[in-house]
Amino acid sequence: MLWVCFFACSKGFLSFASAQEYIYPDSLQLLAPQDTTRTDTLLKPVKMQQEEAGVLDAEVDYDATDSVMFDIVKQKVYMYGGGVVVYKDITLKADYIELDLKDKTVFAKGIPDSVGVIQGKPEFTEGKETFESNTLTYNFETKKGIISGIVTEQEGGYLHSGKTKKLEDGTINIAQGKYTTCDAPEPHFYLALTKAKVIPDDKIVSGPAYMVVEDIPLPLILPFGFFPNQKTKASGILIPEWGEEKNRGFYLRNGGYYFALNDYFDLALTADIYSNGTWGVSARSNYKVRYKFGGSVGLKYYNNVSGDLDIGNYVRKTDYAVNWSHSQDSKSSPSSSFSAQVNMSSSTFDQNQSYVEENYLTTTKQSSIAYTKRWEGTPFNFSGSLNHSQNSQNQTVNMSLPKMAFNMNRIYPFRKLSKNPGTSRWYQNIELSYRANVENKVNTYDTILFTSAVFDDMDPGFKHEIPLTANFRPFNNFSITPRVQYTGVLYRESIRKHWEPDYIDPETGEKDPRVVVDTITGVQYAHSYLPAISATFNPKIFGMYQFKNPDAKVVAIRHLMTPTFGFSYIPDMRGIAPNYYDSVQIDTTGRKQSYSYFEGRIYGTPSFNGRSGSVNFTLNNNVEMKVRSDADSTTDFKKVKLLENLQFSTNYNIFADSLNLAPVNFSGYTTVYKGKFKFNFNGSFDPYAINQFGSKINVFEVKQTGKLARLTRFSFGLDFTLASKQKKSGSENQTQNRNRMSAPGMQDEMMQEQQNLGIPESMYPGYVDFNIPWSFSVRYNFNYTKPGHVSKVTQTLNFNGNLSLTPKWKVSVTTGWDFVMKSISYTSLNIHRDLHCWEMRLSIVPFGRRQSYTFGINAKASILKDLKYEKRKNWRDY
């Protein structure tokens with residue numbers, strides 16, 4: 001059987017197949033240029049010997065944007081200008097391609113343009129791997145190739161090779177190579193490899209190598225190199241970092257082992273050890289199921305040692321930390337969700353173990369694990385959560401384990417009874433809903449959190465409510481709402497109080513009459529039926545002052561007041577509903593005080609001790625100014641907010657036997673200068689006087705001191721932020737700055753002289769870049785409290801600034817003022833320099849308890865994260 005080659009030149013393809021014998025005349029053995037019509041009518045078959053023809057198992061497609069030429073004798077095809085050859089999953093592009101049909105090889109290179117720059121260098125693609133080179137020779141049959149000037153991307157790194165040999169299994173042998181993570185054509189740094197082997201999707205192994213920075217070889221020589229080159233995760237040893245601390249001695253930190261368990265989750269086990277005896281272990285795992293959920297879990301445990309046994313100040317203390325972050329893909333289950341944000345630790349963990357300033361400056365931590373579920377097409381929904389909050393200053397921990405709620409959104413049960421949809425009856429506005437809550441509160445300290453004592457601090461409870469409500473609006477801004485509600489609660493205990501005249505104090509052994517509280521254990525259910533009625537009236541009152549001067553910038557000032565009057569009443573149901581109240585003697589004079597059996601319980605008592613009624617009042621104010629956008633404009637106006645909101649609120653308890661009027665609360669906020677200044681304040685006035693012990697008495701302050709009320713609380717905050725404007729185009733900005741700083745006539749002469757000397761434009765005398773990106777913010781808070789005779793004032797003042805000297809230089813400063821210590825509070829200076837493929841960081845805390853500094857310069861790529869230089873002095877070293 002003989003094999004012949006067919007040439008189709010319109011959009012060419014080459015293939016080898018069995019056919020009859022054909023003979024090419026000798027006159028066609030010269031190079032024949034491709035016809036502009038791309039037909040092959042001139043290519044007449046010639047007879048080819050079997051030993052001269054090659055065999056390929058697939059078609060070879062080719063094309064070129066300039067021209068395609070054929071050498072019949074040598075059985076070669078030449079492609080010029082945008083040549084493309086496609087064979088199976090191999091694609092080759094270059095401005096010059098030479099295809100040898102006899103040897104089944106291809107050669108490609110770029111072509112110099114008019115100024116000598118090589119254009120159209122070979123671009124070789126096989127499967128998902130793509131690289132460029134200076135020249136390339138490849139054999140389709142053996143799948144081997146010789147490549148020069150190759151640059152390939154290898155999982156975050158770039159491999160440059162002077163001479164490369166590609167083998168049939170994809171392995172690449174390299175001579176005179178460079179490995180770098182810099183993506184510049186001429187890398188700023190690299191490891192010079194005398195020889196290396198690249199095993200695709202596995203690793204890169206090199207012989208002797210040395211570091212080169214800015215083409216300057218450094219005396220950093222490696223006998224061999226090993227670089228992971230896997231697209232999948234791989235298990236391996238985590239190299240620890242080492243150093244020394246003043247108090248805990250020499251250390252090895254974050255050393256351990258990484259387990260790439262599977263595609264869904266991994267595990268890293270690490271340990272820290274210090275020469276003074278401190279040690280710690282940690283575990284962290286990341287997990288992800290695509291389109292369903294993902295997250296991470298971290299556990300840390302430390303045995304912290306401080307002091308010395310010989311001196312007598314030896315202390316051993318344990319620290320722990322638990323972190324969990326979980327999120328669910330919303331598409332996986334549209335009607336339910338599960339999320340978790342857990343940040344929990346011992347109160348001294350951040351002080352002893354954290355090196356992040358935000359952590360040890362934060363005194364509170366919060367956690368939440370939540371699940372929600374709604375039933376589509378129904379008014380029902382469910383939510384459940386586990387909540388946690390802690391304060392590291394007083395070591396308190398508050399938790400809800402768990403907190404659940406089942407709700408039925410409001411429905412209108414009587415709307416379906418209407419026979420005429422066009423008419424509305426009063427009963428059609430009756431609403432019905434249902435709410436059920438279960439919560440177990442735990443208020444404890446972190447020192448006893450994992451002991452049996454925490455069960456004594458639990459306060460569980462259950463509560464459900466069934467409100468039936470209607471709403472009527474006789475006229476605008478006025479509504480009447482009658483309501484009937486059933487409330488039930490369930491607790492595990494209740495209390496009873498009695499007066500004990502012969503009580504003996506166990507500490508002093510002396511007689512001390514007092515009220516004794518007895519706890520009655522056992523599950524107890526309490527309920528009530530409460531009818532109620534409320535009314536609300538909230539009109540709007542406008543005030544306008546217009547300026548008479550037609551040329552004035554300010555046209556008018558508008559004042560909007562929104563008062564709200566409310567009334568609510570609940571009748572006395574003690575003769576109808578169960579009564580859960582009693583009275584007890586509280587002193588030797590025989591005075592009695594009412595108390596509830598469920599006093600201090602999580603949901604309180606379901607009923608009132610008698611009737612209840614109150615009158616509420618709230619007044620909201622808004623002040624705006626109308627100004628002309630242009631001084632000469634008569635139609636273009638804009639609004640300026642002078643006071644966005646000023647609110648006053650209070651209420652009056654109708655049936656209280658004393659202290660009927662509640663404190664008058666006020667609050668307000670506004671922003672000025674396009675939101676750069678934000679001002680807010682709030683406070684409270686108490687109308688009642690106090691006695692010599694600081695307790696409120698049923699006498700108005702105006703009668704006792706002549707003052708209208710007592711200021712018991714006041715606070716205000718000021719946020720001030722300034723930032724640079726958006727930078728203009730370079731030429732426009734530079735021209736404006738030069739004109740601003742230079743005199744006419746001298747500008748061109750001065751600029752020409754500076755350019756001749758090669759001085760950068762930013763260093764010209766008189767040149768100022770007014771558009772350097774920067775921001776500056778100030779936050780001040782003032783708090784005043786005086787509930788009795790003693791007042792307390794706390795103030796905080798913080799500054800924050802950011803400056804970008806150039807697009808690659810960034811400086812930030814954080815500081816403040818401590819009004820108690822009368823000194824500068826925590827201050828930090830951070831400098832960052834972007835070095836393209838490297839980065840430099842300097843962080844300084846110049847004084848204070850956390851005095852420290854850290855300097856580091858490192859490669860950005862994670863694969864070379866250990867290629868760095870660090871110098872630090874932690875606050876523990878001072």
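Figure 1. Val281 sits in strand 26, which covers residues 279–289. The model shown here, as in every figure below, is predicted. Is Val281 buried, partly exposed or exposed? Val281 counts as partly exposed, because its relative accessibility is 40% and the partly exposed class lies between buried, under 20%, and exposed, over 50%. Val281 belongs to a nonpolar patch on the surface.

**Figure 2. The largest nonpolar core.** This core holds 25 residues. Which of them touch the most other members? They are Met79, Val85, Leu92, Ile97 and Leu99. Several strands each supply at least two residues of the core, including strand 4 (60–63), strand 5 (67–71) and strand 6 (76–87). Strand 8 (105–109), strand 13 (135–139) and strand 14 (145–154) are also among them. Strand 7 gives the largest share, with five residues.

**Figure 3. A patch of positive charge.** Four lysines gather on the surface: Lys553, Lys638, Lys674 and Lys725. Where is Lys674 found? Lys674 lies in the loop between strand 44 (664–672) and strand 45 (677–686). Lys674 is exposed, with a relative accessible area of 78%.

**Figure 4. Salt bridge between Glu126 and Lys166.** Side chains of opposite charge can pair when their charged atoms come close. Here the side chains of Glu126 and Lys166 meet, at 2.9 Å from N to O. Glu126 is partly exposed, at 21% relative accessible area. Lys166 is buried, at 4%.

**Figure 5. Salt bridge between Asp587 and Arg591.** The side chains of Asp587 and Arg591 meet at 2.8 Å, N to O. Is Asp587 buried or exposed? Asp587 is buried, because its relative accessible area is 17% and buried means under 20%. Arg591 counts as exposed, at 51% relative accessibility.

**Figure 6. Salt bridge between Asp719 and Arg779.** These two side chains meet at 3.2 Å, N to O. The pair links distant parts of the chain, 60 residues apart. Asp719 lies in strand 48 (residues 710–723) and Arg779 in strand 49 (residues 774–785). Asp719 is partly exposed, with 22% relative accessibility. Arg779 is also partly exposed, with a relative accessible area of 46%.

**Figure 7. A salt-bridge network.** Which residues are linked in a network of salt bridges? They are Glu241, Glu245, Arg248 and Arg253. A search of the whole structure finds 28 salt bridges.

**Figure 8. Backbone details.** A cis peptide bond joins Leu401 and Pro402, with omega of about -5°. Pro402 lies in strand 32 (residues 396–411). Lys143 is not a glycine, yet its phi is positive, near 60°. Lys143 lies in the loop between strand 13 and strand 14. At 38% relative accessibility, Lys143 counts as partly exposed. Asp215 is not a glycine either, and its phi is positive, about 65°. Where is Asp215 placed? Asp215 is in the loop between strand 19 (209–213) and strand 20 (216–222). Asp215 counts as exposed, at 58% relative accessibility.

Methods: Residues are numbered from 1 along each chain as its sequence is written. This is a predicted model: local features need pLDDT of at least 70, side-chain atom pairs count only at pLDDT 80 or more; totals for chains, interfaces and linings use all residues. Side-chain values use heavy atoms; hydrogens and water are left out. Patches are made of residues with over 30% relative accessible area and no salt bridge: like charges are joined within 9 Å, nonpolar side chains (Val, Leu, Ile, Met, Phe, Trp, Tyr) within 5 Å. Accessible areas come from the Shrake-Rupley method with a 1.4 Å probe; for residues, only the protein chains shown count as cover. Lys and Arg count as positive and Asp and Glu as negative; His and the chain ends are not counted. The place of a charge is taken as NZ of Lys, CZ of Arg, CG of Asp or CD of Glu. Helices (H or I, at least four residues) and strands (E, at least two) are DSSP runs, numbered from the N terminus. Buried means under 20% relative accessible area, exposed over 50%, partly exposed in between (1.4 Å probe, protein chains only). A nonpolar core is a set of buried Ala, Val, Leu, Ile, Met, Phe, Trp, Tyr and Cys residues joined through side-chain atoms within 4.5 Å.
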